[in-house]
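Subject: Structure for you to look at

Hello,

Here is the structure I promised, with the sequence. Please open it first, then read my notes below.

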Amino acid sequence: MSRTASVTRTTKETDVRVELNLDGGANSSSETGLPFFDHMLSQLGKHAGWDLSVACTGDLEVDGHHTAEDVGLALGQALKEALGDKAGVRRFASITVPLDEAAVEVALDLSGRTFVVYDVDVPTEMIGTFDTGLVEDFVRAFAQAAELTIHVRLRAGRSPHHVLEAAFKAMAKALGDACSLAGPAGVIPSTKGTL
């Protein structure tokens, strides 16, 4: 069974291409025109254990919102497609990941139902050319398209860079765990028989 997906999303604001292999070798690359966002997306692929390639050209002369949101939507769609019927996946996962003074907790469920709790209160500021407020937009778009429930909570931290990097690493580790084929082969982990 190939757990891969290739998604292209083109609008008047962005052109996004995502290649995803859930059973890859943790090879990750990203080119969005927002270097800090690229760094975070690379963390996501690397620490989830996925092969992930993201390319996006967007209207960065306006701001980074459309890029962050549309990459989230395309990546979420790719994850949904790569998971297929979710037979054999672990489904649930949670972890707290530290980075220096920062610690972020993520709990998620590949439930087929979109719900987001994003409780990460960091100052809205620019890290290079990236607005820290866009991470929440990315998470919400990603969860919507992937049809998953995710809780992201800041446990400690003051540096926006450290907090957001801990958040992406925590999301990555939880996603990698939840998507792992650790359940009974061919069994969809739901009493309903579908997710």
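Buried means under 20% relative accessible area, exposed means over 50%, and partly exposed lies in between. With that cut-off, Glu 147 counts as partly exposed, because its relative accessibility is 28%. Please keep in mind that this is a predicted model.

Salt bridges

Side chains of opposite charge can pair when their charged atoms come close. The count here is nine salt bridges. Three of them follow.

Glu 147 pairs with Lys 80, at 2.9 Å from N to O. This links distant parts of the chain, 67 residues apart. Lys 80 sits in helix H2 (residues 65–83). Glu 147 is in the loop between helix H3 (134–146) and strand S10 (149–156). Lys 80 is also partly exposed, because its relative accessibility is 38%.

Next, Arg 91 and Asp 109. Their closest N and O atoms are 2.6 Å apart. Arg 91 is in the loop between H2 and strand S5 (92–99), while Asp 109 belongs to strand S6 (residues 102–109). The two are 18 residues apart. Are they buried or exposed? Both Arg 91 and Asp 109 are buried.

Then there is Glu 105 with Arg 155, again a salt bridge, at 2.6 Å from N to O. Glu 105 lies in S6 and Arg 155 in S10, so the pair ties together parts 50 residues apart in sequence. Glu 105 counts as partly exposed, at 25% relative accessibility.

Nonpolar core

The largest nonpolar core has 62 residues. Helix H4 (residues 160–179) gives the largest share of this core, 12 residues. Which residues have the most contacts inside the core? They are Leu 79, Ile 150 and Val 152. Setting aside residues up to four places away in sequence, Leu 79 touches several side by side in your viewer, including Leu 20, Trp 50, Phe 142 and Leu 175.

Sheet

Four strands form an open sheet, in the order S1-S2-S4-S3, with mixed pairing. Thr 10 stands opposite Asp 15 in S2. Helix H1 (residues 35–48) packs on the sheet, where H1 touches S3 and strand S4 (51–58). The direction of H1 makes about 155° with that of S3.

Best wishes

Notes: Residues numbered from 1 in each chain as written. Predicted model: local features only at pLDDT ≥ 70, side-chain atom pairs only at ≥ 80, totals over all residues. Heavy atoms only, no water. Salt bridge = Lys/Arg side-chain N within 4 Å of Asp/Glu carboxyl O. Buried < 20%, exposed > 50% of the residue type's maximum accessible area, 1.4 Å probe, protein only. Core = buried A, V, L, I, M, F, W, Y, C linked by side-chain atoms within 4.5 Å. Contact = heavy atoms within 4.5 Å. Pairing = 2+ DSSP bridges. Axes fitted to C-alpha atoms, helices over the stretch in contact; angles between N-to-C directions.
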